[in-house]
Amino acid sequence: MVHKPEHREEYMEIRRAKKADLEEIFRLGYKLLKYHTQYNVYYRPVKNLREFKKGQRKYFTGQLKKRNSLFLVLDNDGKLAGYSIAKITKNPPVLKDKIRGEFAEIFIDEKYRGKGWGKKLLETSLAWLGKKKIRQIIVKYDAKNGWAENLYTQAGFRPFQNEYELILK
Ligand SMILES: CC(C)(COP(=O)(O)OP(=O)(O)OC[C@H]1O[C@@H](n2cnc3c(N)ncnc32)[C@H](O)[C@@H]1OP(=O)(O)O)[C@@H](O)C(=O)NCCC(=O)NCCS
């Protein structure tokens with residue numbers, strides 16, 4: 001899949017992530033976590049990339065193999081500029097709908113933001129989820145993340161559940 005959003009010059013490829021991408025994905029995933037510290041201390045990351053890899057290796061490796069996940073990367077001539085993960089997950093057994101879609105995470109490296117690539121990764125993921133027999137797709141993002149809110153509301157997402165926090169003194 002080679003995409004060229006209208007308002008950008010370079011070509012980048014959106015493709016499925018593979019094992020050889022993992023090191024780059026760790027780098028981006030660690031940045032995603034650190035990016036969120038501006039919103040809430042909850043996101044304070046482990047002390048370095050090595051620790052992050054230890055914590056995330058199982059999850060990312062698992063997502064690569066799962067038939068029910070679409071793990072995409074944005075490949076800029078061998079260097080990754082972003083990634084996203086979409087999944088099909090089980091609903092609680094008391095619900096009529098047994099499964100739902102989940103857009104689990106997305107990160108575009110700083111210098112590539114605002115050029116339509118996040119939207120493209122999201123659209124590609126929604127198209128994939130749209131072919132599955134699901135009715136609902138959910139996404140979670142920090143309540144203060146206005147950019148993510150723009151991305152998702154533009155794509156048609158609407159508020160579903162509220163999650164509140166209570167900070168204990
Ligand atoms: C959020 C993120 C994935 C969006 O990807 P992107 O490639 O930068 O965004 P796009 O260029 O595709 O723009 C998507 C929408 O974001 C909004 N947007 C674009 N530039 C923006 C800016 N500077 N500030 C706020 N919103 C902006 C617009 O609504 C745009 O849709 P539109 O062009 O139809 O109006 C990316 O900025 C990112 O990785 N941010 C850091 C990590 C993060 O917040 N991840 C999401 C939560 S897990």
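**Strands S4 and S5.** I began with the pairing of S4 (residues 79-90) and S5 (residues 99-108). The two strands run antiparallel and share nine bridges. I was working in a predicted model. I then looked up Gly82 and found Ile108 of S5 as its bridge partner.

**S5 and S6.** Next I checked how S5 meets S6 (residues 137-139). This pairing is parallel, over three bridges. Gly101 stands opposite Ile137 of S6. I followed the chain from S5 to S6 and passed through helix H3, residues 117-130. I noted this β-α-β crossover as right-handed.

**Helix H3.** I took the length of H3 next. Its 14 residues reach 20 Å from the first C-alpha to the last. That is close to the 20 Å expected at 1.5 Å a residue. Which residues of H3 are buried? I listed Trp117, Gly118, Leu121, Leu122, Thr124, Ser125, Trp128 and Leu129. Seen down the axis of H3, the buried residues fall within an arc of 160°, so they line one face of the helix.

**Ligand site.** Ile108 had already come up as the partner of Gly82, and Gly118 as a buried residue of H3.

One of its oxygen atoms is 2.7 Å from a polar backbone atom of Gly116. A ligand oxygen is also 3.3 Å from an N or O atom in the side chain of Trp147. For Asn150, I found an N or O atom of the side chain 3.0 Å from a ligand nitrogen.

Definitions and conventions: Residues are numbered from 1 along each chain as its sequence is written. This is a predicted model: local features need pLDDT of at least 70, side-chain atom pairs count only at pLDDT 80 or more; totals for chains, interfaces and linings use all residues. Side-chain values use heavy atoms; hydrogens and water are left out. Two strands pair if DSSP finds at least two bridges between them. Helices (H or I, at least four residues) and strands (E, at least two) are DSSP runs, numbered from the N terminus. A crossover is right-handed if, with the strands pointing away from the viewer, the path from the first strand over the helix to the second runs clockwise. The expected span of a helix is 1.5 Å times one less than its number of residues. Buried means under 20% relative accessible area, exposed over 50%, partly exposed in between (1.4 Å probe, protein chains only). The arc is that of the directions from the helix axis to the C-beta atoms. A polar contact is a pair of N or O atoms within 3.5 Å; within protein, one must be able to donate a hydrogen and the other to accept it, and residues adjacent in sequence count only if both atoms are side-chain atoms.
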